[in-house]
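Hi,

Here is the structure I promised to pass on. Have a look at it first, and then read my notes below.

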Amino acid sequence: MQISSRFTIAIHMLTCMETFKDEHKITSDFLASSINVNPVIIRRILSQLKDAGLIEVKRGTGGAAIIKPLEEITFLDVYRAVECIEENRLFHFHENPNPNCPVGRNIHNILDDKLLRVQEAMERELQAITLADVMKDLGKYI
């Protein structure tokens, strides 16, 4: 299992927005140059972050900006904004286990609660890290 790069791209984007907010207009081209991806990808993620209420995007001369305090933006907020998880479930279960097989017939009973515990643990960890933490750590390197 691997979380898509949308999550790390979104964290990178938010970090750039905060770092360069007073020096540059934050456009999709500007962000794409730091992340080294196509600006179309950036625009899609900007839209998702905007829909989640984390940023504002002003067309034309405005650029993008974070609209919440950094201490209030958690990795979980970003993850939920950009990752496409169906029915709020991290793990996608195979559709049709064989009901005539004792394993297939019972696999949901065996795994559902365990997979939910794993997801909840991951979400607790994501909730514990904020964008303010990222900016503090960035300060050690620049």
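Leaving aside residues up to four places away in sequence, Ala10 touches Ile45, Leu49, Val78 and Val82, where a contact means heavy atoms within 4.5 Å. You'll find Ala10 in helix α1. Its relative accessible area is 0%, so Ala10 is buried; buried stands for under 20% relative accessible area, exposed for over 50%, and partly exposed for what lies in between, with a 1.4 Å probe and protein chains only. Gln48 is 38 residues from Ala10 in sequence, yet their C-alpha atoms are 9.4 Å apart in space.

Before you go further, some ground rules. This is a predicted model, so local features need pLDDT of at least 70 and side-chain atom pairs count only at pLDDT 80 or more, while totals for chains, interfaces and linings use all residues. Residues are numbered from 1 along each chain as its sequence is written, and side-chain values use heavy atoms, with hydrogens and water left out.

Now the overall layout. The protein chain has six helices and two strands, and from the N terminus on they run α-α-α-β-β-α-α-α. Both kinds of element are DSSP runs numbered from the N terminus: helices are H or I with at least four residues, strands are E with at least two. The radius of gyration of the protein chain is 19 Å, well over the 14 Å that the globule rule gives for 142 residues, so the chain is more spread out than a compact globule. (That radius is taken over C-alpha atoms, and the rule is 2.2 Å times the number of residues to the power 0.38.) Along its principal axes, the C-alpha trace spans about 65 × 30 × 25 Å. Of the 142 residues, 35% count as buried. Among contacts with a separation of 6 or more, 62% come from residues 24 or more positions apart. The chain exposes about 9,200 Å², and carbon and sulfur atoms supply 51% of that; the areas come from the Shrake-Rupley method with a 1.4 Å probe, and for residues only the protein chains shown count as cover.

Next, the inside. The largest nonpolar core has 36 residues, of which Met13, Met17, Leu31, Leu49 and Val78 touch the most other members. Such a core is a set of buried Ala, Val, Leu, Ile, Met, Phe, Trp, Tyr and Cys residues joined through side-chain atoms within 4.5 Å. At least two residues each come from α1 (6-20), α2 (28-35), α3 (39-51), β2 (63-66), α4 (75-82), α5 (102-127) and α6 (131-138). Which helix gives the most to this core? That's α1, with eight residues. As for Leu31, it touches Met13, Cys16, Met17, Ile26, Ile42 and Leu46, again not counting residues up to four places away in sequence.

Helix α4 deserves a look too. Six of its eight residues are buried, so α4 is largely enclosed by the rest of the structure. The buried ones are Phe75, Leu76, Val78, Tyr79, Ala81 and Val82, and they pack against α1, α3, α5 and α6.

Then there are the rings. The structure holds three aromatic pairs. In one of them, the rings of Phe7 and Phe75 have their centres 5.5 Å apart and their planes at 75°, so the pair is edge-to-face. Phe7 lies in α1 and Phe75 in α4, so this pair ties together parts that are 68 residues apart in sequence. The rings of Phe7 and Tyr79 have their centres 6.3 Å apart and their planes at 75°, so that pair is edge-to-face as well. Rings of Phe, Tyr and Trp (its six-membered ring) pair if their centres lie within 6.5 Å; planes under 30 degrees apart are stacked, over 60 edge-to-face, and the rest tilted. Ring pairs link Phe7, Phe75 and Tyr79 into a cluster. Phe7 counts as buried at 11% relative accessibility, and Tyr79 is buried at 2%.

Last, the strands. Four bridges join β1 (residues 55-58) to β2, and the two run antiparallel; strands pair if DSSP finds at least two bridges between them. The bridge partner of Ile55 in β2 is Ile66. Four residues lie between the strands of this hairpin, where Gly60 takes a positive phi near 75°.

Cheers
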